[in-house]
Amino acid sequence: KILTYDSVEISFDGDAVVHDVSFSLTPGEILGVVGGSGSGKSTLIKAAMGLLGSGGLVTRGDIWDIGQNILEISEKEKRKIRGAGIGMIFQDAGASLCPIRTIGDQIYESMRAHKKVSRNEAKDRAMELFEKLNFKDSQRVWDSYPFELSGGMNQRVGIAISMLMNPPILLADEPTSALDVSVQRQVVRGMLKLRELFGTAIIIVTHDIGVVRAMAD
């Protein structure tokens, strides 16, 4: 097992909102977490990334990532896990892109945060991944600012960026909910391709049962 939640309770400002949740993820597995709006799905996976915000806290239980308890490690150690150990795709990955810098600049910077890499190496790695994810015009995407790309393309770029460090686990928080149906299909196909290519384990959080049916084991 590469990720295990053991009787996890999550509280905000002292009020427990997620109660006694346990599950585990095995390498290459796709696990769907389904529920209505406000049921705590996103909160659950943000806890593994240490992204609950100022009032949020895991008040009971443990979250284990490949043998270490994520809740007991320092912020510096957590930063190492984020991106390299666990990738994250947000509901609106496009919105988490910086509007005034090119996609290429942002990719180079996100890779450089984890390892020494030249701009050319970063570009080669990104181009290879873009091709595998069936991007039509990889060079144009690399050179573009986010506002020059469609919302669906930005979402696909967000997924690619989360995979650049090849993390064994990918947490996807409503990755298709802001997209129209044809783009949703491309995003789902892209994520299934990641598992096929890299053996990535994925937790997909969604209220869309069709997406879960298409993806989850």
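Q: Is D217 buried or exposed?
A: Ground rules: this is a predicted model, where local features need pLDDT of at least 70 and side-chain atom pairs count only at pLDDT 80 or more, while totals for chains, interfaces and linings use all residues. Residues are numbered from 1 along each chain as its sequence is written, and side-chain values use heavy atoms, leaving out hydrogens and water. Buried means under 20% relative accessible area, exposed over 50%, and partly exposed in between (1.4 Å probe, protein chains only). D217 has a relative accessible area of 62%, so the label is exposed.

Q: Which residue forms a salt bridge with D217?
A: A salt bridge here is a side-chain nitrogen of Lys or Arg within 4 Å of a carboxyl oxygen of Asp or Glu. The closest N and O atoms in this one are 2.8 Å apart, and the partner of D217 is R195.

Q: How many residues apart in sequence are E9 and R60?
A: Their side chains meet in a salt bridge (3.3 Å, N to O). E9 sits in strand β1 and R60 in strand β4; helices (H or I, at least four residues) and strands (E, at least two) are DSSP runs, numbered from the N terminus. So the pair ties together parts separated in sequence by 51 residues.

Q: How are α3 and α4 oriented?
A: Axes are lines fitted to C-alpha atoms, for helices over the stretch in contact, with angles from 0 to 180 degrees between N-to-C directions. The α3 and α4 axes come within 9 Å and cross at roughly 110 degrees. Under 35 degrees counts as roughly parallel, over 145 as roughly antiparallel, 65 to 115 as roughly perpendicular and the rest as oblique, so α3 to α4 is roughly perpendicular.
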